[in-house]
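This report covers sheets, helix packing and salt bridges in one model. The sequence and structure come first.

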Amino acid sequence: MSRPLPVAGPAEVRAAAIRDLGADRGAVAGVVLVNGLASAAGLMGPWLLGRVIDTIQAGSGDVLGAVDRLAFGAVLFTVAQTVLAWWALKIGYRFGERTAARVRERLLKRALALPPRVADRLPFGDLIARGSTDASLVAATLRFAVPEVLVAVVHALFLIVAVLVLNPLLGLCGLVCSIGVAAAVRWYLRRARPAYAAVAASGAELADVIAGTAKGARTVELLGLEHRRTQATEAALTHARSARLWALWLRTVLFSWSDVSLALPVAGVLLVGGALYTNGLVSLGIVVTATVYFRQLVGPLDTLMLWIEQLQGAGASYARVEGAAGIPGEEPPPPPNAQDAGPADGDRIEVSDAHYSYTGARDVLHGIDLVVRPGERLAVVGTSGAGKSTLARLLAGLDRPHTGSVTIGGTPVADLPPDHLREHVVLITQEHHVFHGTVRDNLRIARPNATDEEMHAALDAVGAAWLAGLPRGLDTEVGHDTHLDGAGAQQLSLARVVLADPHTVILDEATAQLDPGTARRTERSLAAVLRGRTVIAIAHRLQTAHDADRIAVMEAGELVELGTHDELVSAGRVYGRLWRSWHSGSENRRRPGNRDQVSR
Ligand SMILES: Nc1ncnc2c1ncn2[C@@H]1O[C@H](COP(=O)(O)OP(=O)(O)OP(=O)(O)O)[C@@H](O)[C@H]1O
């Protein structure tokens with residue numbers, strides 16, 4: 001079971017948010033400035049309305065002319081406010097898009113920088129949820145929340161300051177009546193953070209269960225585990241649903257409470273303003289202006305409420321996206337000379353007293369000692385679970401033993417940087433991948449500076465005749481312009497091996513599960529790839545072991561026999577027994593193409 005991925009704490013999320021805002025500080029300042037101007041223009045409308053009322057009430061001079069001028073001014077300021085607010089939002093949205101891209105790129109870079117041995121053990125569904133749902137939520141929030149929140153805060157501040165300047169008593173009255181809103185927000189925030197963290201975690205758990213079922217679909221089908229997997233999915237769904245319902249309930253209370261609270265400042269200002277006006281302490285125009293300002297405050301405060309609620313979910317997602325920085329990378333760092341120097345002592349592979357455990361609780365390899373000579377063909381045989389694939393992973397540098405060593409030319413293979421590693425050793429399994437992009441892109445993964453001639457030669461070597469039929473040759477988009485079948489995709493990945501040109505190739509089930517037709521084509525391609533290289537084959541057929549220079553026999557995590565086919569047959573121990581039982585089997589079992597699986 002893989003350990004859950006780390007989640008960043010509030011301080012780390014704050015630091016990341018400040019970093020993201022700081023990275024585009026020009027845009028942030030632009031939003032605040034332009035929006036400040038828009039808010040200032042917005043204040044003029046209600047003020048001019050108050051002046052209209054006071055002018056009509058005074059009733060002296062050219063009242064109509066004065067009212068016309070004031071009304072024209074109000075129209076001008078309203079237009080100015082609309083244009084400035086649109087401009088502020090435009091700057092804000094652009095900022096949001098840039099920042100969202102930055103957050104996604106950061107997560108992607110972190111995930112890609114993880115060594116395969118670390119990435120392999122991560123909870124797959126959780127990582128996918130962070131890169132998709134969480135990153136999208138953070139991106140959407142940054143895109144809309146930052147500009148809208150800034151706009152609302154600036155607008156609200158301007159309105160409050162304007163009422164305080166207009167009449168401090170009315171301003172204070174409005175603020176006292178706003179306490180209900182503050183109480184609602186405080187109540188909500190105390191509960192919302194853990195609630196949304198639980199929503200995000202239960203979503204990731206659900207993604208993990210679904211991804212696990214999809215990844216192991218074959219095993220689920222073979223072992224009849226459908227009911228158990230359905231039960232696990234239902235349990236995860238129930239968990240996710242109750243977490244979401246709790247968060248929704250909190251949200252419902254917040255909005256009902258704040259709706260009532262938002263009406264109070266307007267009512268308070270009207271009541272106190274009415275009393276002040278009746279006693280001749282304030283003009284009617286000022287009371288109307290202050291009431292309209294407090295009425296207008298509902299708009300930005302509503303926006304802030306909405307975002308406070310949304311930010312809880314986005315905050316939990318931000319914490320999960322940033323938490324990826326805390327995924328432990330490598331165990332011990334590679335020695336400095338391993339970074340630039342390749343193996344010094346030839347291509348000799350040496351496994352010395354290697355112990356390995358997946359979980360830390362139980363060793364699955366118990367002190368393996370093995371030397372593979374350059375150019376040798378070694379077959380590794382053994383019953384299922386004996387540790388063959390684990391040994392293959394250590395030999396390929398995908399993992400390192402917790403004690404002992406696995407070296408190539410004297411250098412620990414897991415310490416070799418990826419570029420050097422693939423020049424020395426490549427593991428071929430039946431899990432080949434075709435990347436979105438052209439055939440050329442797919443091949444240059446193995447050797448970035450490969451020429452067209454070299455790529456054609458590599459595809460030729462593995463018998464990829466389909467290249468000639470592609471509409472745009474190496475520039476054909478795989479998956480878009482053309483579809484490659486299983487054997488074609490395997491040939492493409494084998495051509496990558498030819499280009500990487502490693503001295504050692506490790507084969508683990510490269511063809512074991514393929515249908516006979518595909519397997520035959522793939523084996524022909526493989527033969528071309530293996531020529532002139534050291535080959536370590538996890539042998540699932542005794543014929544493969546028979547053709548090898550030497551055979552290593554594994555049992556329960558130990559290397560129990562090592563020698564040539566003839567030596568092991570005459571020793572009459574584990575391999576000898578296997579060979580005799582296979583050899584004395586039916587004609588049918590020896591027919592070419594039939595698989596005698598040693599490891600099952
Ligand atoms: N990812 C893993 N986490 C925990 N234990 C594992 C993992 N992979 C393999 N094991 C365990 O390690 C032991 C060796 O497994 P390994 O796959 O290396 O054997 P194998 O000889 O290759 O078997 P097979 O022929 O069935 O593939 C087994 O007990 C297996 O259950």
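Which residue in β2 stands opposite I349? The residue opposite I349 is V372 in β2.

## Basis of the model

This is a predicted model, in which local features need pLDDT of at least 70 and side-chain atom pairs count only at pLDDT 80 or more, while totals for chains, interfaces and linings use all residues. Residues are numbered from 1 along each chain as its sequence is written, and side-chain values use heavy atoms, with hydrogens and water left out.

Helices (H or I, at least four residues) and strands (E, at least two) are DSSP runs numbered from the N terminus. Two strands pair if DSSP finds at least two bridges between them. Contact means heavy atoms within 4.5 Å. Axes are lines fitted to C-alpha atoms, for helices over the stretch in contact, and angles run from 0 to 180 degrees between N-to-C directions.

## The four-stranded sheet

An open sheet of four strands has the order β2-β1-β4-β5, with antiparallel pairing. β2 (365-372) and β5 are at the edges with a single partner strand each, so one side of each has no neighbour in the sheet.

Strand β1 (residues 349-356) is joined to β2 by six bridges, and the two run antiparallel. Y356 stands opposite L365 in β2. β1 is also antiparallel to β4, through five bridges, and S352 stands opposite S405 in β4. Helix α12 lies across β1, β2 and β4, at about 55° to β2.

## The six-stranded sheet

Another open sheet has six strands in the order β6-β9-β10-β3-β11-β12, and its pairing is mixed. Its edge strands, β6 (425-428) and β12 (558-563), each pair on one side only. From one strand to the next the twist averages 20°.

Five bridges connect β11 (residues 550-555) with β12 in the antiparallel sense, and E555 stands opposite E558 in β12. Helix α20 (residues 574-583) lies across β3 (377-382), β11 and β12 and runs at about 105° to β11.

## Helix packing

Two packed helices are described by the angle between their axes and the distance between the axes. Angles under 35 degrees count as roughly parallel, over 145 as roughly antiparallel, 65 to 115 as roughly perpendicular and the rest as oblique. A crossing is left-handed if the near helix is turned anticlockwise from the far one by less than a right angle, and right-handed if clockwise. Ala, Val, Leu, Ile, Met, Phe, Trp, Tyr, Cys and Pro count as nonpolar, Asp, Glu, Lys and Arg as charged, and the others, Gly among them, as polar.

The axes of α1 (residues 10-22) and α3 (residues 63-113) come within 10 Å and cross at roughly 130°, which makes α1 oblique to α3. Their crossing is right-handed. R19, D20 and L21 of α1 meet F95, T99, R102, V103 and R106 of α3; by class, this contact has three nonpolar, one polar and four charged residues.

For α6 (residues 168-177) and α10 (residues 284-323), the axes come within 11 Å and cross at roughly 30°. These two helices are therefore roughly parallel, and α6 passes α10 in a right-handed crossing. L170, G171, G174 and L175 of α6 make the contact with I286, V287, A290 and F294 of α10. That contact has six nonpolar, two polar and no charged residues.

## Salt bridges

A salt bridge is a side-chain nitrogen of Lys or Arg within 4 Å of a carboxyl oxygen of Asp or Glu. By this rule there are 15 salt bridges. One of them joins the side chains of R400 and D415 (2.8 Å, N to O). R400 is in the loop between α12 (388-395) and β4 (403-408), and D415 is in the loop between β5 (411-412) and α13 (418-424), 15 residues apart.
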